[in-house]
Amino acid sequence: MKSAKSRKPAKAAEAAKSAKPGKPESHLAMVRRARRINRELAEIYPYAHPELDFRNPFELLVATVLSAQTTDLRVNQTTPALFAAYPTPEDMAAAVPEELEELIRPTGFFRAKAKSLIGLSASIRDNFGGEVPGRLADLVTLPGVGRKTANVVLGNAFGVPGITVDTHFGRLVRRWKWTEQEDPEKVEAEIAAIFPKSEWTMLSHRVVFHGRRICHARRPACGACPIAPLCPSYGEGETDPEKAQKLLKYEMGGQPGQRLSPPPDYPGRPAPAPGAG
């Protein structure tokens with residue numbers, strides 16, 4: 001596994017710093033740069049994965065709905081008790097709203113989320129034979145489920161390629177000048193045109209991993225970024241290599257990830273369960 005440190009970010013950052021601006025980048029050049037960034041990210045994060053714990057499509061769907069406006073870690077610490085109480089769509093559809101709300105309270109916006117969970121569970125029970133549908137057109141008919149949530153479920157529970165445009169993904173693809181769009185559906189369409197369909201799901205994971213670990217919203221760790229020479233926004237964050245190294249998060253910074261039950265190839269430590277120190 002290649003890490004940010006093993007790929008000599010200081011040298012990469014220096015190369016980016018010394019690069020001189022030239023003529024405006026053509027669309028073809030941007031596409032080539034974008035695909036190279038994807039290849040680099042694949043080497044940096046060969047273990048990229050969805051950071052929500054789940055065992056089946058229903059659990060992933062519920063966890064993704066709960067992840068709005070909170071961290072995946074908070075969701076992962078909440079869902080074990082939730083799924084013990086409501087393991088199937090039929091169970092959740094019949095939930096007493098106040099009891100469901102109390103279980104998901106730590107994720108925030110719990111009343112609206114409970115309403116969505118009961119509604120989508122009832123729809124799965126009544127319209128899809130109790131099974132989460134595996135088509136985008138069907139998934140987006142479920143209460144509280146939009147394209148982002150549908151693509152997460154399709155890509156990771158059904159193996160159907162999809163681009164997940166969350167806040168991290170949108171921020172990075174704009175920093176990299178792959179798109180200027182702000183609307184998630186327009187971002188999805190423009191990025192989909194750059195990459196083969198077979199790359200969509202893993203591209204989403206890699207970009208989100210990079211956004212969470214290195215290319216942060218408020219203070220990107222530019223000086224510790226392995227893809228600095230390919231980034232047109234280099235310098236928006238901390239460029240000093242030693243200071244940037246201290247900004248790295250999760251396994252890049254020697255810290256636990258967000259999953260309580262990460263995949264076997266994840267190089268970091270599992271996140272702590274609720275009350276575990």
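Guide: Serine 121 lies in helix α7 (residues 110–127), where helices (H or I, at least four residues) and strands (E, at least two) are DSSP runs numbered from the N terminus. The model is predicted: local features need pLDDT of at least 70, side-chain atom pairs count only at pLDDT 80 or more, and totals for chains, interfaces and linings use all residues. Residues are numbered from 1 along each chain as its sequence is written, and side-chain values use heavy atoms, with hydrogens and water left out.

With a relative accessible area of 0%, serine 121 is buried (under 20% relative accessible area; exposed is over 50%, partly exposed in between; 1.4 Å probe, protein chains only). Leaving aside neighbours within four places in sequence, serine 121 is in contact with Phe58, Pro89, Met92 and Ala93 (heavy atoms within 4.5 Å). Proline 89 is 32 residues from serine 121 in sequence, yet their C-alpha atoms are 4.5 Å apart in space.

As to the rings, a search of the whole structure finds six aromatic pairs (rings of Phe, Tyr and Trp, its six-membered ring, with centres within 6.5 Å; planes under 30 degrees apart are stacked, over 60 edge-to-face, the rest tilted). Tyrosine 47 and tyrosine 266 form an edge-to-face pair, at 6.0 Å centre to centre and 75° between the planes. This pair links distant parts of the chain, 219 residues apart: tyrosine 47 is in the loop between α2 (27–44) and α3 (57–66), tyrosine 266 in the segment after α13 (241–245). Both tyrosine 47 and tyrosine 266 are buried. Ring pairs join Tyr45, Tyr47, Phe209 and Tyr266 into a cluster.
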